[in-house]
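Subject: A structure for you to look at

Hi there,

Here is the structure I promised to pass on to you. Please open it beside this email and follow along as you read.

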Amino acid sequence: DDWAIQAQQAASLSPNFIAPLLPNKIGLPDSELVKEQIGLAVTLDTAPPIFTLLHVEDPTAVDSQIAVTFSLNEAGTVYCRTTRSDSGETASDMSINKIIAAGWSGVASGEADVVVIQLDHLQETSLLGPEDEAVPLVEATLYDIYCWAKDGAVDGKGFDRPNYVTQDYVRDRK
């Protein structure tokens, strides 16, 4: 440690500065004690989850449902919302809160986990009030499906600190 040499060559010294006689040395037992007191330092997960798989299963298989299959590169939750393509809603109108409010979600436990979300109705905002109205899916109708994911990251104290992915868009004909 060259602190003593470097400190004495500083441009301006603190009025409380006292030059040490020797470099600031610490023995191995003391350094191990400090290491034990600090504990294991874990870096935080700051990367959002990534869809490694996101597609619509054969929409003609079941007339009243759309199956969205997904996989993430890490553990996380995916939320989806479906709208009619002729509804006038666009990707820019589809806020994350709207996607979550639709109530369709699936949890992936890790990279190899493939999860299917079965969508059987759409949520349309009623003009008569703040309640959302569940409208069944109709055969031979074009639907837009919006999906959004967050991971299960936590901070150093164990509190949720999720990372969010940019929403992805799936489009298929029912």
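**Before you start**

This is a predicted model, so local features need pLDDT of at least 70 and side-chain atom pairs count only at pLDDT 80 or more, while totals for chains, interfaces and linings use all residues. Residues are numbered from 1 along each chain as its sequence is written, and side-chain values use heavy atoms, with hydrogens and water left out.

**Confidence and overall layout**

The term pLDDT is the predictor's confidence in each residue, from 0 to 100. For this protein the mean is 81, and 86% of the residues reach 70 or more. The protein has three helices and nine strands; helices (H or I, at least four residues) and strands (E, at least two) are DSSP runs, numbered from the N terminus.

Of the 174 residues, 30% count as buried. Buried means under 20% relative accessible area, exposed means over 50%, and partly exposed is in between (1.4 Å probe, protein chains only). A contact means heavy atoms within 4.5 Å. Among contacts in the protein with a separation of 6 or more, 62% come from residues 24 or more positions apart.

**Strand 2 and its sheet**

Is strand 2 (residues 66-72) enclosed or open? Seven of its seven residues are buried, so the rest of the structure largely encloses it. Both of its faces are covered: Ile66, Val68, Phe70 and Leu72 are buried on one side, and Ala67, Thr69 and Ser71 are buried on the other.

Which strands pair with strand 2? Strand 1 (residues 51-56) pairs with it in the antiparallel sense over five bridges, and Phe51 stands opposite Leu72 there. Two strands count as paired if DSSP finds at least two bridges between them. Strand 5 (residues 115-119) also pairs with strand 2 in the antiparallel sense, over five bridges. Here Ile66 stands opposite Leu119, and Thr69 has Val116 as its bridge partner.

Together, the three strands form an open antiparallel sheet in the order 1-2-5. Strand 1 and strand 5 stand at the edges with a single partner strand each, so one side of each is left without a neighbour in the sheet. As background, strands of a sheet pair through backbone hydrogen bonds.

**Strand 3 and its partners**

Strand 3 is mostly covered, with eight of its nine residues buried. It runs antiparallel to strand 4, and five bridges join the two; Val78 stands opposite Gly106 in this pairing. Strand 3 also pairs with strand 8 in the antiparallel sense, over nine bridges. One of the facing pairs there is Tyr79 with Trp148 in strand 8.

**The nonpolar cores**

A nonpolar core is a set of buried Ala, Val, Leu, Ile, Met, Phe, Trp, Tyr and Cys residues joined through side-chain atoms within 4.5 Å. The largest one here has 21 residues, and those that touch the most other members are Phe51, Ile66, Phe70, Val78, Cys80, Leu119 and Ile145. Strand 1, strand 2, strand 3 (76-84), strand 4, strand 5 and strand 8 each give two or more residues to this core. Apart from it lies another core, of five residues, among them Tyr79, Ile99, Tyr146 and Trp148.

Leaving out residues up to four places away in sequence, Leu119 touches several others, including Ile66, Val68, Cys80, Trp104 and Ile145.

**Out in the open**

Helix 2 (residues 28-38) gives you a contrasting view. Of its 11 residues, the number buried is zero, so helix 2 lies largely in the open. Gly39 follows this helix and has a positive phi, near 85°.

Where is Ala140? Ala140 lies in the loop between strand 7 (132-136) and strand 8 (142-151). Its phi is positive, about 60°, although Ala140 is not a glycine. For comparison, most residues other than glycine have a negative phi. Ala140 is also exposed, with a relative accessible area of 64%.

Happy exploring, and write back with any questions!
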